[in-house]
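Biologist: I should like to learn how to read this model, one feature at a time. May we begin once it is in view?

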Amino acid sequence: MKAYKLNKNELDIMYVLWESKKPLTAAEIVEGKKGLTTPTVQRLLKKLLENDYVEVAEIVQVGKVLARNYKPKKRMEEYLKEEVEYFFPLSKNKGALLKGIVSSFFSGDSKEDDAQILLELEEFIERKKRKMENES
């Protein structure tokens, strides 16, 4: 069973960090996700640190003060896998579960988006097949 479940604001912070190419300060996270305040982000970053979701990458000078730069410690894929396993235990019908999850991302509204998702999935599947073949 999973020890800690992220709330909506913590998940918003994690998405900002996952999408960033570099570690971010609390103020930069606030800029990346409107609706969050700096005190809220600082409080939640402390909880995320305690629960091993983020880590301090470095201490940097920001104006006249020092600030922490944060980076994700847990990758998005790891988090999503834990969520799926927590809510839908992967046991007897893993294929049907995965098919349901993947099909939920196809809105039908945009064929261009659907085509892009399919292309990315095909590339992922091919990489996974090659890796499995090389390990055999």
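Modeller: E10 lies in helix α1. Helices (H or I, at least four residues) and strands (E, at least two) are DSSP runs, numbered from the N terminus. This is a predicted model, in which local features need pLDDT of at least 70 and side-chain atom pairs count only at pLDDT 80 or more, while totals for chains, interfaces and linings use all residues. Residues are numbered from 1 along each chain as its sequence is written, and side-chain values use heavy atoms, with hydrogens and water left out.

Biologist: Is E10 buried or exposed?

Modeller: Buried means under 20% relative accessible area, exposed over 50%, and partly exposed in between (1.4 Å probe, protein chains only). With a relative accessible area of 0%, E10 is buried. Leaving aside residues up to four places away in sequence, E10 touches Y4, K5, L44, K47 and L48; contact means heavy atoms within 4.5 Å.

Biologist: Which other residues of α1 are buried?

Modeller: An α-helix has 3.6 residues a turn, so residues three or four places apart point the same way. In α1, the buried residues include L11, I13, M14, L17 and W18.

Biologist: How does one check the span of helix α1?

Modeller: The expected span is 1.5 Å times one less than the number of residues. For the twelve residues of α1 (residues 8-19) this gives 16 Å, and the end C-alpha atoms are 16 Å apart, which agrees. At the N-terminal end, N7 caps α1, with a side-chain oxygen 3.0 Å from the backbone nitrogen of N9.

Biologist: What is the relative accessible area of Q42?

Modeller: Q42, found in helix α3 (residues 38-50), has a value of 46% and is therefore partly exposed.

Biologist: How do strands β1 and β2 pair?

Modeller: Two strands pair if DSSP finds at least two bridges between them. Here β1 (residues 54-62) and β2 (residues 65-72) are antiparallel, with eight bridges. V60 stands opposite A67 in β2. Two residues lie between the strands of this hairpin, where G63 takes a positive phi near 65 degrees.

Note on methods. Polar contact = N/O pair within 3.5 Å; in protein donor to acceptor, adjacent residues only side chain to side chain.
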